[in-house]
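Keep the coordinates open and follow along.

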Amino acid sequence: MKRIALTLIVAGLLLQAACNRQKHGLVMMTDESYRPRIIATSKAGFGSPDGLVWRNGNLYIADEGGQSLACLSQAGALRTLADTKLGVLSPEDLVIDGNGNIFFTDDDAGGVWTVDASGNARLLAGKDKGLISTEGIALAPDGSILVGDGEQHAVFRVTRDGTVTEFLGPRYGIGKPESMVFDDSGNLYIADNEADVLYLLDPGHQLHRIIEHRESFSPDTLFFSKGTLYITDSHHGKLFVYRAHEELRTIAAFAGELQNIHGITTDDAGNIYVSIQTDLKRKLGDIIELSKERS
């Protein structure tokens with residue numbers, strides 16, 4: 001039987017030693033090829049982070065608690081890219097295209113927002129175009145942006161000029177399209193954390209319920225890399241991996257102050273980064289790295 005590695009993460013030994021405060025939380029790794037550590041806390045300047053994207057050594061953060069979109073460097077410096085001055089209220093999820101343009105959603109302000117490669121931020125398409133409470137976001141192969149709306153139970157397509165059309169309407173039965181991502185074959189995965197279903201929309205536009213009615217499974221955020229779908233579950237404090245034709249597998253469980261796991265991304269070396277909303281109301285959160293052990 002495979003041995004389970006139990007790791008207690010104590011923030012006081014990492015970034016908060018000066019304040020003599022320990023974080024009461026733990027991460028139980030069921031995959032021994034990773035080792036967890038807290039790499040940043042709200043002391044870095046963010047609030048309660050949600051969506052994450054790693055790009056060129058930086059972590060881009062949809063900071064729901066901090067009401068901003070931010071960039072965290074490897075050195076720990078935080079740079080704000082968009083905030084309430086622009087009208088941002090509650091950033092949820094984000095994607096970055098090959099040219100460095102960022103697109104993100106906002107479940108309170110609604111709409112799709114963008115920060116171009118030069119740092120210019122603006123609202124691409126807002127509530128006036130029918131995007132009421134935006135959640136998941138994905139870059140489509142044709143260059144358009146797909147956006148889930150939790151209030152309308154639908155997915156919309158947004159073009160680069162801000163044109164909005166319905167992509168998957170309410171008749172498809174998706175409760176809350178919390179997160180979305182394409183795989184290398186053009187399949188679109190959709191996390192519905194209201195109905196606790198993981199959907200797959202194939203290139204023929206056929207929708208499949210690939211995981212449903214699974215005990216202790218409520219998909220929150222999705223990220224796809226190198227044939228693997230990573231899934232966070234904030235309701236149960238779990239991190240899963242899924243590969244086609246294989247069983248869903250838990251690789252980490254989070255508890256205590258670290259249970260509320262949300263965003264996920266990976267770097268080129270296969271290290272995993274997850275965001276923790278320790279206390280959304282008090283604007284507290286953490287970012288944890290699950291570093292890949294080298295053989």
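K85 is exposed, with a relative accessible area of 76%; exposed means over 50%, buried means under 20%, and partly exposed lies in between, with a 1.4 Å probe and protein chains only. Its salt-bridge partner is D83, with N and O 3.4 Å apart. A salt bridge here is a side-chain nitrogen of Lys or Arg within 4 Å of a carboxyl oxygen of Asp or Glu. D83 counts as buried, at 18% relative accessibility.

A word on the basis of these values. This is a predicted model, in which local features need pLDDT of at least 70 and side-chain atom pairs count only at pLDDT 80 or more, while totals for chains, interfaces and linings use all residues. Residues are numbered from 1 along each chain as its sequence is written, and side-chain values use heavy atoms, with hydrogens and water left out.

The structure holds nine salt bridges. One of them joins R157 to D142, with the closest N and O atoms 3.0 Å apart. R157 lies in strand β14 (residues 154-158), and D142 sits in the loop between β12 (134-139) and β13 (145-149), so the pair ties together parts that are 15 residues apart in sequence. Strands are DSSP runs of E with at least two residues, helices are runs of H or I with at least four, and both are numbered from the N terminus. R157 is partly exposed at 22% relative accessibility. D142 is exposed at 56%.

Another salt bridge links the side chains of E212 and R209, at 2.6 Å from N to O. E212 is partly exposed, at 30% relative accessibility. R209 is partly exposed too, at 41%.

Now step back to the whole protein. How many helices and strands does the protein have? The count is zero helices and 26 strands. A compact globule with 295 residues would have a radius of gyration near 19 Å, and the 18 Å of the protein agrees with that. The radius is taken over C-alpha atoms, and the globule rule is 2.2 Å times the number of residues to the power 0.38. Along the principal axes, the C-alpha atoms fill a box of roughly 50 × 45 × 35 Å. Of the 295 residues, 55% count as buried. The accessible surface comes to about 12,900 Å², and 47% of it belongs to carbon and sulfur atoms; the areas come from the Shrake-Rupley method with a 1.4 Å probe. Among contacts between residues at least 6 apart in sequence, 45% join residues at least 24 apart, where contact means heavy atoms within 4.5 Å.

Strand β18 (residues 197-201) comes next. Five of its five residues are buried, so β18 is largely enclosed by the rest of the structure. V197, Y199 and L201 point one way from β18, and L198 and L200 point the other way. Strands of a sheet pair through backbone hydrogen bonds, either parallel or antiparallel. Strand β17 (residues 188-192) runs antiparallel to β18, joined by five bridges; two strands pair if DSSP finds at least two bridges between them. Y189 has L200 as its bridge partner in β18. Four residues separate the strands of the β17 and β18 hairpin, where D196 takes a positive phi near 60 degrees.

β18 also runs antiparallel to strand β19 (residues 207-211), over four bridges. There, L198 stands opposite I211. The hairpin of β18 and β19 has five residues between its strands, and H205 takes a positive phi near 70 degrees.

Seven bridges join β3 to the antiparallel strand β26 (residues 284-292). Y34 stands opposite K292 in β26.

The other open sheet also has four strands, in the order β8-β9-β10-β11, again with antiparallel pairing. Its edge strands, β8 (91-96) and β11 (121-125), each pair on one side only. Neighbouring strands of this sheet are turned by 30 degrees against each other on average, direction ignored. Strands β9 (residues 102-106) and β10 (residues 112-115) pair antiparallel over four bridges. I102 stands opposite V115 in β10.

Key
Axes are lines fitted to C-alpha atoms, for helices over the stretch in contact, and angles run from 0 to 180 degrees between N-to-C directions.
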